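Please read the following note beside the sequence and the model.

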There are 2 protein chains.
Amino acid sequence: MRLGVAGLGTVAQGLFVLLSENADRVARQLGQPISVARVASRTPRSHIDTLGAEFSTELNSLLQDDVDIVVELIGGTDDANRLISRAIELGKPVVTANKAVLSQFGNSYISRARESHVPLGFEASVAGGIPIVAVLKDGLAGNSIDSITGILNGTCNFVLTQMDAHDSTFESALRQAQDLGFAESDPSFDIDGIDAAQKLSILGSIAFDQPIDLANIYIEGITNIQLDDLHYARELGYRIKHIAVARVFDSSVEMRVHPALVSDKDLMSRIDGVDNAISVAANGVGSLLLKGPGAGSRPTASAVLSDIIEIAKGKSSLPTNTTSTRRASPICDLTSSYYLYVPVSDEPGVMATLAEVLGNHRISMESVIQKSDAIQQTGNVRWVPVVLLTDEVRESVLDETIRDLQELSAVHGDIRRVRVVNLN
Amino acid sequence: MRLGVAGLGTVAQGLFVLLSENADRVARQLGQPISVARVASRTPRSHIDTLGAEFSTELNSLLQDDVDIVVELIGGTDDANRLISRAIELGKPVVTANKAVLSQFGNSYISRARESHVPLGFEASVAGGIPIVAVLKDGLAGNSIDSITGILNGTCNFVLTQMDAHDSTFESALRQAQDLGFAESDPSFDIDGIDAAQKLSILGSIAFDQPIDLANIYIEGITNIQLDDLHYARELGYRIKHIAVARVFDSSVEMRVHPALVSDKDLMSRIDGVDNAISVAANGVGSLLLKGPGAGSRPTASAVLSDIIEIAKGKSSLPTNTTSTRRASPICDLTSSYYLYVPVSDEPGVMATLAEVLGNHRISMESVIQKSDAIQQTGNVRWVPVVLLTDEVRESVLDETIRDLQELSAVHGDIRRVRVVNLN
């Protein structure tokens, strides 16, 4: 089984290391060794041991006859798309770790791969070393899946964990993530939630047999979370995590990525640092949780290699059918509990005014925190945060409520809102 | 794809329910429906909807030509062994949920199935709904696996969780487990660790490519754990769980099932009730945790159905090669930290005497707890427990040390020992 590997980055390097370290085990299980026939990369790096592969700066070199599987590890969308499309066209099995290209072009790959019976593996595109694609596609094949809830972005989780554990501000936690190599110098792709949304679009497709649909995912990052919110959340019995949710009802599917309060009784609230975790609810298994490294050279290469081995075993690794056509449910239709942080002037009667506005919208409060020692001064205004946890309410109603609250003369500054995500 | 199902118990019933509820999804993915052609059971139960299957009290009826896959869900070893052996002989794919028969006869099934290219699925034999067999075999196929550490018996975990959460005695927690249907009226198979050991023998085989080897597993149940031990463990920053460990070194493999102190910083310590969890350490993924229901009608049926679908997809679900021949490492060679509960008479100088004995065996103490308010009276002896946490020491050395301690005139009653299991 001869590979043609595109890219010489960290994942490719991890793949070469694993192929070398685990060569005996892999060959014993497969009955044949896996070799790297060709490597292609725009930028040669001679210090990397590519296990005897022929090197080229031309990606097209990987489409030659001596390559049995094309392994796309260059990232980005243009070159990767050309390579993957061309490989499928030629009937060559493809393994890719590229969530960006899949969330954009995946549907056409899937339909063309199914039509022409070309294996297509993308385990490594979601949640690094966690074999969630295989678990959804194979391990839970006999289930109808109700929901997926997960921590899919290690950078966000690291930043929130640092803030929570060390009372760091968002900025300093992010800087630390950058120093440690857990965040890019332009971190927006991660902390704005795009990365998690791309991954969720792929998981949603596999779980619910539907086309990949990034456009219909509600996306919110973690930049608005303040240290205060983490403290109040803890006091209420929750942690704040950046959470991805995909859920189906009879005829609709809800997909969203945003910060969320997660009960500290749930294991999901204890997933710390750069780890990822995914909880699946399904009608057979009930509830299943997987936790592991969401990125990194070896873990991602582990996922790439599992796809390669599945294809080499002659298993029919066709992508699954994606013909299901549920309606995408917009975020305004969400029903959820909410955490609200309302900065109000420190004067009598304010709480009654807040309660009245909530009452007008038929929203009940589950908990309220107002602390006399939390009084702050901005200019000549003395204000205090009131923190509320609401009962379940429709998001469109909450939006109106926040608008009304924000207009009160007693409210100073922006109201912050964080959704509550319940796992079970 | 026509099934022949042996058994009408809870797992078989779960399978019929899932086949019915998820028929559309399964048929869409497979391109063909799954039907139940035949059901065989010694005891007919007419209230169960077997989806139109032909019923017989003869297990051999499942070997007829109109059955494509034999699904063995009767449990026990005699009939099950005859049925499985005969099916493999006839070249019929087999799916079984039966850990007992596998831990006894599995090696012969595996070698015969590999020789004759007969698919053999046993996902449901370990950890119920958690797809750990597929994760080890496929998801981590490109890894060399270093260790598996898990909670594999829901009954033990329920009993320990109840004791810990509600200060129940072992006896009353066990009675509650029985009342709730989580423990058999003869619970010894679960609480003595046999069930967990059978599962571990199967996991060890898949993880380390070695024959199933129940005989070389060290097995200890939870009957000696006292409420006191749970309290002291908590105080030391641990919980006590019934843990299964399989670990390889270069040329040896260590397999053991026993109660263990697990750090409360590790998620494994937070797995409560009847759930199972498995942590895998491997050179690609690093560390991966899976948590889910370890038993039950639907979860186990979910695992059975995943095997059926894999076989129906035409994937080559042959069991993996088990030619690795590492030496089994006996428990006396284990190196571990230990929790020791030593009941000593309440008089000056006793601690020095204990410390001297430990020192003679070059064992250092990491922590010691002795409480003045823990003094107890048995007959006319006033005694107090001294609780120790040792540094890492070889088990054979600890055995000698305990023997020496036990002979001290100041020691009253049996010393209890619980191993510490470190996950990372």
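1. A salt bridge is a side-chain nitrogen of Lys or Arg within 4 Å of a carboxyl oxygen of Asp or Glu. Side chains of opposite charge can pair when their charged atoms come close. Over all chains, the structure holds 48 salt bridges.

2. This is a predicted model, in which local features need pLDDT of at least 70 and side-chain atom pairs count only at pLDDT 80 or more, while totals for chains, interfaces and linings use all residues. Residues are numbered from 1 along each chain as its sequence is written, chains are lettered from A and ligands numbered from 1 in the order in which they are written, and side-chain values use heavy atoms, with hydrogens and water left out.

3. One salt bridge is formed by the side chains of A:Asp138 and B:Lys313, at 3.4 Å from N to O. A:Asp138 belongs to helix α5 (residues 132-139) of chain A, and B:Lys313 to the loop between α11 (297-312) and β13 (327-328) of chain B, so this pair joins two chains. Helices (H or I, at least four residues) and strands (E, at least two) are DSSP runs, numbered from the N terminus. Buried means under 20% relative accessible area, exposed over 50%, and partly exposed in between (1.4 Å probe, protein chains only). A:Asp138 is buried at 14%, whereas B:Lys313 is partly exposed at 22%.

4. Within chain A, the side chains of A:Arg382 and A:Asp346 meet in a salt bridge of 3.3 Å, N to O. A:Arg382 lies in strand β18 (residues 381-390) and A:Asp346 in the loop between β15 (338-345) and α12 (350-360), so the pair ties together parts that are 36 residues apart in sequence. A:Arg382 is partly exposed, with 44% relative accessibility; A:Asp346 is partly exposed, with 32%.

5. In chain B, B:Asp346 forms a salt bridge with B:Arg382, and their closest N and O atoms are 3.2 Å apart. Relative accessibility is 34% for B:Asp346, which counts as partly exposed, and 43% for B:Arg382, also partly exposed. A network of salt bridges that share partners joins A:Glu220, A:Glu395, A:Asp399, A:Arg417 and A:Arg419.

6. Which residues of α3(A) are buried? They are A:Ala80, A:Asn81, A:Leu83, A:Ile84, A:Ser85, A:Ala87 and A:Ile88. Their cover, judged by contact (heavy atoms within 4.5 Å), includes β1 (2-6), β4 (69-72), β5 (94-96) and α4 (99-116) of chain A. After α3(A) comes A:Gly91, whose phi is positive, near 80 degrees.
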